[in-house]
Amino acid sequence: MQREVGTLPLAPALRARLAAAGFQTAQELLDTGPCGLSKEIGISREEALEALQVVRQECHGDAARTAGGSGATRKCTALELLEEEQTQGFIITFCSALDNILGGGVQLTKITEICGAPGVGKTQLCMQLAVDVQIPECFGGVAGEAVFIDTEGSFMVDRVVDIAAACVQHCHLIAEAQQEEDLRKALETFSLENILSHIYYFRCRDYTELLAQVYLLPEFLAEHSKVRLVVIDGIAFPFRHDFEDLSLRTRLLNGLAQQLIIIANDHKSAVVLTNQMTTRIGQSQSTLVPALGESWGHAATVRLILHWDNSQRLATLYKSPSQKESTIAYHITSHGFRDVQPPAVTHSTEGPELNPRKRPRTEEEKQ
Amino acid sequence: MVVLRAGLCPGLTEDMIQLLRANGIRTVVDFVSSDLEDVAQKCSLSYKALVAVRRVLLAQFSAFPANGADLYEELKGSTAILPTGSPSLDQLLDSGLYTGEVTELMGAPGSGKTQVCLGIAASVSLGLKQHVLFLDSTGGFTASRLHQMLQARTEDEEEQARQVLGRLRLCFVLQLEALQRIQVVRVFNIYELLSALQELRDHLSQQVVSSMGPLKVVLLDSVSAVIYPLLGGRQSEGLALMMQLSRELKTLAREFSLAVVVTNQVTRDSSSGSLKPALGRSWSFVPSTRVLLESKEATWDKATTQRAATLAKSPRQPTGFQVELDIG
């Protein structure tokens, strides 16, 4: 109960008045009572009652926690966390090299950021993940639903239909090969209509709508408790143009990041964001770096940068708490995100040499 | 600025307080700085009673001066130096983390701050068998990575054991115990963080031995994630909360002999283009030691696990000292 008045979540004007009147700890506030409080600092009795309610809530929260109840705090030992992590699933991307460098796939309860130049495949990867999160557990998925928040308008339903059809096809092949009863039962619910009906799509046109949507998201997730993936396609777009006050932008982005990490943690879902690239002009050369500034780089727990090398697409894991930095090549086919075939091609970064992928493509173009 | 209240000390009754207030004396400071003969006449109170009350109030509310020799003896007895698990980092920090102080690790995204924090937690928990509190505000704590680090360390230490089976079991038990000594609390905004610190203070002052054994290190990853949403703009509330937080951390470190480690971001200086620590000048006075972590390569397309640690602020060593770290 010795909580200082300065650390309680009260309005700043009220806090200033309490400090001027000489109150130091929460206990003193509770002892004075609402009438005494309203007389001492000159506020109405209703305001005093409200303030005391907030104080009482905080102090009871503290007391409950000291007594040993866990309740709202997210407190546990590292051992418990390890057990939790080992039973948690991953959202696979159908590109085994990418899954490998991510440590199994996109992790739940973490924010993953995908940065890349235009046209490299960020929205494709997001759509692939929105389909893959729904794979039933017996096939190695997490059997969850997806929320897709679109700010750029690049979500194409026909493409999602293609990706989903390929995914269902893949699962059918596995079920036939293994001939197990529960696999076939799971496939009955895993159909094209089902997949499409479990992707919740929101369209936000500017940053106010985006902030409002993220603010309302916890309530939505409380009603739809099976959601395991939240995709925000284009977090850079509403914040990059027409923003005069840069410090306001940093503040809003950091607040947004905090809200997203709370959502990821409380609902055990993965949050995937896509970001654009910008050029940083150094002293002697210019480099491509992710947009939205240095402080945004700390918001995401895992950062994946997609880039081109001549005509090969590469993915680099730039920031991760548990995996090493590495680069792999991937390919986007009509079925979605896939490995580069054949998988034995490891040195695809050597440009001018004969790349087996390049030849067939030019022949197709000539045809 | 404590308001005079009945029961603050024996001899201070409600009537006395009302009389004093009628004459403009509301707080303790007003009372001890006023002329008591004057007050006794105006409020028609006994001079002896007022002097007695003043003596008790001074004893309760003023700070006691201590001389340097006593302070030195006290520090020698209570300060411990904790190894961080990486010999080059220990060398940079003048043989390790000092308890009673706040140390800051700063760096760009992906520079290895969380990895170094995990390394410190692993080394203190496994090597010294002390408890560790990890306050995570970014969601970057990965228990499997911590487990990996512990595995690497126990294998080094148990090389002398003869029986292979016995060694494996011993390693496993050591790792489990080490994991149990690390407590993780997830705090995602400033009020939750302040509540968690208050709870820690209550635990330590009541000496509840249940889950929080001999605590030596508190790691906060990262402090800028909780404070950045509040700073800037026309409201000064953010600065006030930041200073409140810094006071909590420093008093915790000093009173309970803990080593507090915080991680901070870096921002780009708009005029010179160089990296500088986030949270501004006000925060720069809070940590006594500051270490900057950088990746060895300038761009992100060359992957490496080598990092460079530079000493940016230290009360004991010259700054600019640089060592290499491997966070792999």
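**Salt bridges, at the interface and within the chains**

Mentor: Across the interface of chain B and chain A there is one salt bridge (a side-chain nitrogen of Lys or Arg within 4 Å of a carboxyl oxygen of Asp or Glu). This is a predicted model, in which local features need pLDDT of at least 70 and side-chain atom pairs count only at pLDDT 80 or more, while totals for chains, interfaces and linings use all residues; side-chain values use heavy atoms, without hydrogens and water. Residues are numbered from 1 along each chain as its sequence is written, and chains are lettered from A and ligands numbered from 1 in the order in which they are written.

Over all chains the count of salt bridges comes to nine. Within chain A, the side chains of A:Lys268 and A:Glu84 meet at 3.9 Å, N to O. A:Lys268 sits in the loop between helix H12 (246-266) and strand S8 (270-275), whereas A:Glu84 is in helix H4 (residues 78-87), 184 residues apart (helices, H or I, at least four residues, and strands, E, at least two, are DSSP runs numbered from the N terminus). A:Lys268 is partly exposed at 37% relative accessible area, and A:Glu84 is partly exposed at 34% (buried is under 20%, exposed over 50%, partly exposed in between; 1.4 Å probe, protein chains only).

A:Arg303 also forms a salt bridge, with A:Glu113, at 3.3 Å between the closest N and O atoms. A:Arg303 is in strand S11 (residues 302-309) and A:Glu113 in strand S4 (residues 111-116), so this pair ties together parts 190 residues apart in sequence. Here both A:Arg303 and A:Glu113 are buried.

In chain B, B:Glu104 and B:Arg290 pair at 2.7 Å, N to O. B:Glu104 belongs to strand S3 (residues 102-107) and B:Arg290 to strand S10 (residues 289-295), 186 residues apart. B:Glu104 and B:Arg290 are both buried. Shared partners also join B:Asp94, B:Glu101 and B:Arg316 into one salt-bridge network.

As for the setting, chain A has 14 helices and 14 strands, and chain B has 13 helices and 12 strands. Of the 367 residues in chain A, 51% are buried; in chain B, 52% of 328 are. In chain A, 65% of contacts between residues at least 6 apart in sequence join residues at least 24 apart.

The nonpolar side of the picture is as follows. The largest nonpolar core has 48 residues, and A:Ile91, A:Leu98 and A:Leu229 have the most contacts inside it (a core is a set of buried Ala, Val, Leu, Ile, Met, Phe, Trp, Tyr and Cys residues joined through side-chain atoms within 4.5 Å). H7(A) gives the most to this core, with seven residues. A second, separate core of 42 residues includes B:Val116, B:Leu118, B:Ile120 and B:Val184.

Definitions and conventions
Contact = heavy atoms within 4.5 Å.
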